[in-house]
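Thank you all for coming; I would like to take a few minutes to walk through one model, going from a salt bridge to a sheet and then to the packing around it. Please have the structure open while I talk.

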Amino acid sequence: MLSKMQLQLISIWLMTFQWISNSDGSIESPSQTGNLNYWEQPFSQPYFDNATRRDVTATVGQMTYLHCRVRNLGDRSVSWIRKRDLHILTVGILTYTNDQRFQSLHSDGSDEWTLRITSPQIKDSGTYECQVSTEPKISQGFQLNVVISKAKIIGNTEMYIRSGSDINLTCVVLETPDPPSFIYWYRDRDVINYSGRGGISVVTEKQTRTSRLLISKAQPPDTGNYTCAPSASDSASVTVHVLNGEHPAAMQHGNSSNSAVTRLLPIFLLFVCHSIQVLLVTDQCLYVPSRVVKLAR
């Protein structure tokens, strides 16, 4: 025997999923027996899959994609619209703009409609809408941020190294959405040759977007312009001087001191001349009244 609660659950289930038989033996749900068109029924309306990423960061010049996924599309069409000027970029797989950098990608049977942007620029940053031609229309916004990715070598742009010391350079790639596929090091215009000279090592960590160049026991021939050049990013350079003898810091300090003295010498001489002139004038003024007083007596 079924309990009272079980009977109630069965009754509710039957009411929810009740089917109506036609005279020809076919079956249809109660909502299909009315005047509603099939595509106007709530359970068959298009809707967006919110699992897609809607905040996208891209690097200038690097192809990027906005992925829109629409379920139950039916015979509706999908358009991509740039929100800042309401410009229609694509409808279906057709491009409706003279800017051929924008293209819609779609595979038959797929729920995904992708906007591909070739060589994005800073001006392309903003909101893009994936719009479905329902009545009323439904849309989903995507935020695109286009940034300039660049490398930075930690430290000063000019370095002085004592002969026999190590050259240790660390390069960090900034403002990049994805790790660089490679980071090359150059000395002047040539890629650093690891086999031509011993004691050179490079350690690159893609996830932290860093690369470290170590040249042990540097010699004057190692002097030059060192450049860190990541893929899809602006490069960064430093000038390294390998010196014999004089301490690099002392050399820098001495040069700056001599330069400062040279600049300040004219000002110092002008101040001395002015001070002497003031003393002479002051002494003359003091002397004159004493003579006047003397004569009055």
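Let me begin with Asp 49, which is buried, its relative accessible area being 15%. Please keep in mind throughout that this is a predicted model. The side chain of Asp 49 meets that of Arg 69 in a salt bridge, with an N to O distance of 3.5 Å. Because Arg 69 lies in strand S5 (residues 64-71) while Asp 49 sits in the loop between strand S3 (47-48) and strand S4 (55-59), the pair ties together parts that are 20 residues apart in sequence. Arg 69, for its part, counts as partly exposed, at 22% relative accessibility. The pair also belongs to a network of salt bridges that links Asp 49, Arg 69, Arg 71, Asp 111 and Glu 112.

In one of them, the side chains of Asp 99 and Arg 101 meet at 2.9 Å, N to O; Arg 101 is buried, with a relative accessible area of 18%, whereas Asp 99 counts as partly exposed at 24%. In the other, Arg 212 pairs with Glu 205, and the closest N and O atoms are 3.8 Å apart. Here Arg 212 is partly exposed at 36%, and Glu 205 is likewise partly exposed, at 34%.

Turning now to the sheet, we have five strands in an open arrangement, in the order S14-S21-S20-S16-S17 and with mixed pairing. Its edges are strand S14 (158-162) and strand S17 (190-191), each of which pairs on one side only. Within the sheet, strand S20 (residues 224-230) and strand S21 (residues 236-243) run antiparallel and are joined by five bridges, and Tyr 226 stands opposite Val 238 in S21.

Which residues have the most contacts inside the largest nonpolar core? That core has 21 residues, and the ones in question are Ile 153, Ile 167, Leu 169, Trp 185, Leu 213, Tyr 226 and Val 240. Among the elements that give two or more residues to this core are S14, S20 and S21, together with strand S19 (210-215). There is also a second, separate core of 20 residues, which includes Phe 48, Ala 58, Val 70 and Leu 144.

Finally, to return to Tyr 226, its contacts beyond four places in sequence include Ile 153, Leu 213 and Val 240, and also Arg 187 and Ser 237.

Methods: Residues are numbered from 1 along each chain as its sequence is written. This is a predicted model: local features need pLDDT of at least 70, side-chain atom pairs count only at pLDDT 80 or more; totals for chains, interfaces and linings use all residues. Side-chain values use heavy atoms; hydrogens and water are left out. Two strands pair if DSSP finds at least two bridges between them. Helices (H or I, at least four residues) and strands (E, at least two) are DSSP runs, numbered from the N terminus. A nonpolar core is a set of buried Ala, Val, Leu, Ile, Met, Phe, Trp, Tyr and Cys residues joined through side-chain atoms within 4.5 Å. Buried means under 20% relative accessible area, exposed over 50%, partly exposed in between (1.4 Å probe, protein chains only). Contact means heavy atoms within 4.5 Å. A salt bridge is a side-chain nitrogen of Lys or Arg within 4 Å of a carboxyl oxygen of Asp or Glu.
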